[in-house]
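Here is a short briefing to read alongside the coordinates.

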2 protein chains.
Amino acid sequence: MTEITGTGDPARSLSLLWRLVEPAPRGRGAAAGLSVDRVVDAAVALADAEGLGAVSMRRLATDLDVGAMTLYTYVPAKAELLDLMVDSALGEFAALYTPGTGGWRARLEAVARASWALYERHPWLLLVAASGRPPLGPGVLTKYELGLQAVDGTGLDEVAMDAVFTLVEGFVAGTARGVVDQVAAEEATGITETEWWEATAPILDRVFDPERFPTVTRVGPVAGEAQQAAYDPRRAFEFGLARLLDGIAVLVDGAA
Amino acid sequence: MTEITGTGDPARSLSLLWRLVEPAPRGRGAAAGLSVDRVVDAAVALADAEGLGAVSMRRLATDLDVGAMTLYTYVPAKAELLDLMVDSALGEFAALYTPGTGGWRARLEAVARASWALYERHPWLLLVAASGRPPLGPGVLTKYELGLQAVDGTGLDEVAMDAVFTLVEGFVAGTARGVVDQVAAEEATGITETEWWEATAPILDRVFDPERFPTVTRVGPVAGEAQQAAYDPRRAFEFGLARLLDGIAVLVDGAA
DNA sequence: AGGGCTAGTCGTACAGTGTACGACAAGAAA
DNA sequence: TTTCTTGTCGTACACTGTACGACTAGCCCT
């Protein structure tokens, strides 16, 4: 499942993200201790523990000992809640990233690995469609800032700096998504990736025509055997990151 | 929204994908003309026209003038239907791809552009989580075959050939996903990307601390201005593809 | 021709979703 | 004490995938 964010009035969303209003609540009933932060923290904890699918308004309200509709006092809709969750989780990036003392390449690699670690901690981040209109809160901007710093001083202009960071970030997200999908598939079916591949490969062998797919016939089994699956995201991450950095090096240094 | 595929018994899925059984129906009632192909074609048409969100079993059944439960005669569950849709749509790849007469780089670029075109025709493909356990039907294998042929004869071993194709494919999918998310956001909010950016940028300007985000302060506005949005997927595609091919060239040719 | 069986059709029901609406009550202000 | 504001939350609506079981149309066999 993927959920949409970026609905709703931009001004409203931004003031929520930066906690501009936080109305210092006055008259209210039982659920005295509630606040935007408490709601968001509970939502993040729930998503971490049981996946994004478990984050329904009713369930979240139950976790907070509150009626479902009470949440709407603190958050205009679920889409905005997701924005807040994303920004909150991305705020952890700074703690996972240590730039080190190397050049831009070492820094950019560290950015990619920190991102990867972030997605391992909060896999549900990859199921929220944040591409188009990211929630421009403190967490998102912190990550963006550190990513840009990694490619600063390389002689690239501003537009290229942004493009390089976006490229690396997109690569990491896409590859990490592979892990999420595999875990989801394992949980949904009760069959591990290796078991699935072992069940699939022999049937597939008999079903398809080697003359129609000669290159697949040659390459597929070797690759499948090497990763014991149709796809190994961790391998793909290491391989892709090296290629990507080589390609960026051509742009930055004029050669690899 | 993202839907899960790869549920269900692999053997059953494969025989559906390759249409191994197609039981030559005997005794039945009103909906005589139905078949797996007709169901899948209708589902693809519906997803093309109104998005993956419109593809519910009830709606699809209505389009086919049939009761909702009738679909389960032809397809074990919605997950398998999605597998069939994906494989069917990916089968169009061959028609979009012309390898040309250049070297591996030109071929690989053509693969990437054909993939991009495929995702433009069937954006819902990007909302189906196919990463982990792809539906290994004729469509998927056709695309895989052509992709591998593009990097054949480069001296790369089988595992590397697979890794290169996967890397390019993942890049295209990730970037195309940006387009899908933007279109979805526009439809959900009624606000275009440019309008959203114009509403967001000035508020953001006032809300955040330039000393805390110095690099963002310098880069963000320039990049934002250049693309009239927080993110321009088409630009990202051209930029990223060039970097990626440069990086692969380092592996293949030993230099760019 | 008649009986039995198989296999395709599909109405109903269930547990779940986000959230609009309106009733209620608790505290602050008059 | 009365009035007003503001947070709480029960109910309802339209929607999802699909399990279950009733119904029936057509084929095969006698």
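The notes below cover one helix and then several charged pairs. Please keep in mind that this is a predicted model. Over all chains, the structure holds 30 salt bridges.

**Helix 6 of chain B**
- Helix 6 of chain B covers residues 104-121, and its 18 residues should span 26 Å at 1.5 Å a residue; the end C-alpha atoms are 26 Å apart, which agrees.
- Its buried residues include B:Trp104, B:Arg107, B:Trp116 and B:Tyr119.
- Among the elements covering the buried residues of this helix are helix 4 (78-90), helix 7 (138-150) and helix 11 (233-253) of chain B.

**A salt bridge between two helices of chain A**
- A:Lys143 and A:Glu169 form a salt bridge, with 2.8 Å between the closest N and O atoms.
- This pair links distant parts of the chain, 26 residues apart: A:Lys143 lies in helix 7 (residues 138-150) and A:Glu169 in helix 8 (residues 158-189) of chain A.
- A:Lys143 has a relative accessible area of 4% and A:Glu169 has 14%; buried means under 20%, so A:Lys143 counts as buried, and so does A:Glu169.

- In chain A, the side chains of A:Arg243 and A:Asp246 meet in a salt bridge at 4.0 Å, N to O.
- A:Arg243 and A:Asp246 are about one helical turn apart, because three residues separate their positions in helix 11 (residues 233-253) of chain A.
- Both A:Asp246 and A:Arg243 are buried.
- In chain B, B:Arg243 and B:Asp246 form a salt bridge at 4.0 Å, N to O, and both residues are buried.

**A network in chain A**
- A:Glu50, A:Arg59 and A:Asp63 are joined into one network by salt bridges that share partners.

Note on methods: Residues numbered from 1 in each chain as written. Chains lettered and ligands numbered in written order. Predicted model: local features only at pLDDT ≥ 70, side-chain atom pairs only at ≥ 80, totals over all residues. Heavy atoms only, no water. Helix = DSSP H or I, 4+ residues; strand = E, 2+ residues; numbered from the N terminus. Expected span 1.5 Å × (residues − 1). Buried < 20%, exposed > 50% of the residue type's maximum accessible area, 1.4 Å probe, protein only. Contact = heavy atoms within 4.5 Å.
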